Amino acid sequence: MDSSFPTRGQLERTLSQRIQALYRAQLEHRPSQVFCQMFDEKIAIILEDAVTQPEQLLVESGQEELGEQVREQLDQALQPQLKELIEEIVGVEVLDILSNTKIETGRTATVAILASPPSIRNS
């Protein structure tokens, strides 16, 4: 066992904290919870209360389609930073990021596909 590698739980916690900080810094919005789960070369990320106030206002004023377009553009704008953050933390290249937001529930789901499983130690 190599103690120089982090555990899966440590990577998941670090990812959650840094992703929440990314949203706070870039969107001035703090999702209430960020869950990260690693599955070999995949990482599932769920953000609760990810929809910003302007997006909510658009939806509440009957402009749901515009609200969804804004969210889609925000997700695309954040992807390069999210990719870089994930690569920095797990030490593996991110091949693809798939993301979708459900405006009605305020949840964002993201899956990052890695080039290989990250090096971790058993907890």
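Predicted model: local features only at pLDDT ≥ 70, side-chain atom pairs only at ≥ 80, totals over all residues.
User: In which order do the four strands stand in the open sheet?
Analyst: The four strands form an open sheet with antiparallel pairing. S2 and S4 pair over six bridges, and S3 and S4 pair over eight bridges. The order in the sheet is S1-S2-S4-S3.

User: Which strands of this sheet have one side left without a neighbour, and why?
Analyst: The sheet is open, with its strands in the order S1-S2-S4-S3. A strand at the edge has a single partner strand, so one side of that strand is left without a neighbour in the sheet. The strands at the edges are S1 and S3.

User: By how many degrees are neighbouring strands of this sheet turned against each other on average?
Analyst: The pairing in the sheet is antiparallel, but the angle between neighbouring strands is taken with direction ignored. On average, this angle is 15°.

User: Which residue in the turn between S3 and S4 has a positive phi?
Analyst: S3 and S4 form a hairpin, with four residues between them. Lys102 stands opposite Arg107 in S4. The turn residue with a positive phi, of about 80°, is Gly106.

User: What is the bridge partner of Ile46 in S4?
Analyst: S2 covers residues 42-48 and S4 covers residues 107-114. These two strands pair in the antiparallel sense over six bridges. In S4, the partner of Ile46 is Ala109.

User: Which strands does H3 lie across?
Analyst: H1 packs on the sheet and touches S1, S2 and S4, its direction making about 140° with that of S1. H3 runs at about 140° to S3. The strands that H3 lies across are S1, S2, S3 and S4.

User: Which residues touch the most other members of the largest nonpolar core?
Analyst: This core holds 24 residues. The elements that give two or more residues to the core are H1, S1, S2, H3, S3 and S4. The residues that touch the most other members are Leu15, Ile19, Ile43, Ile45, Ile86 and Val90.

User: With which residues is Ile86 in contact, leaving aside its neighbours within four places in sequence?
Analyst: Ile86 is one of the residues that touch the most other members of the largest nonpolar core. Contact here requires heavy atoms within 4.5 Å. With those neighbours left aside, the residues in contact with Ile86 are Leu15, Ile43, Ile45, Gly91, Val94, Ala112 and Leu114.

Notes. Residues numbered from 1 in each chain as written. Heavy atoms only, no water. Core = buried A, V, L, I, M, F, W, Y, C linked by side-chain atoms within 4.5 Å. Buried < 20%, exposed > 50% of the residue type's maximum accessible area, 1.4 Å probe, protein only. Pairing = 2+ DSSP bridges. Axes fitted to C-alpha atoms, helices over the stretch in contact; angles between N-to-C directions.
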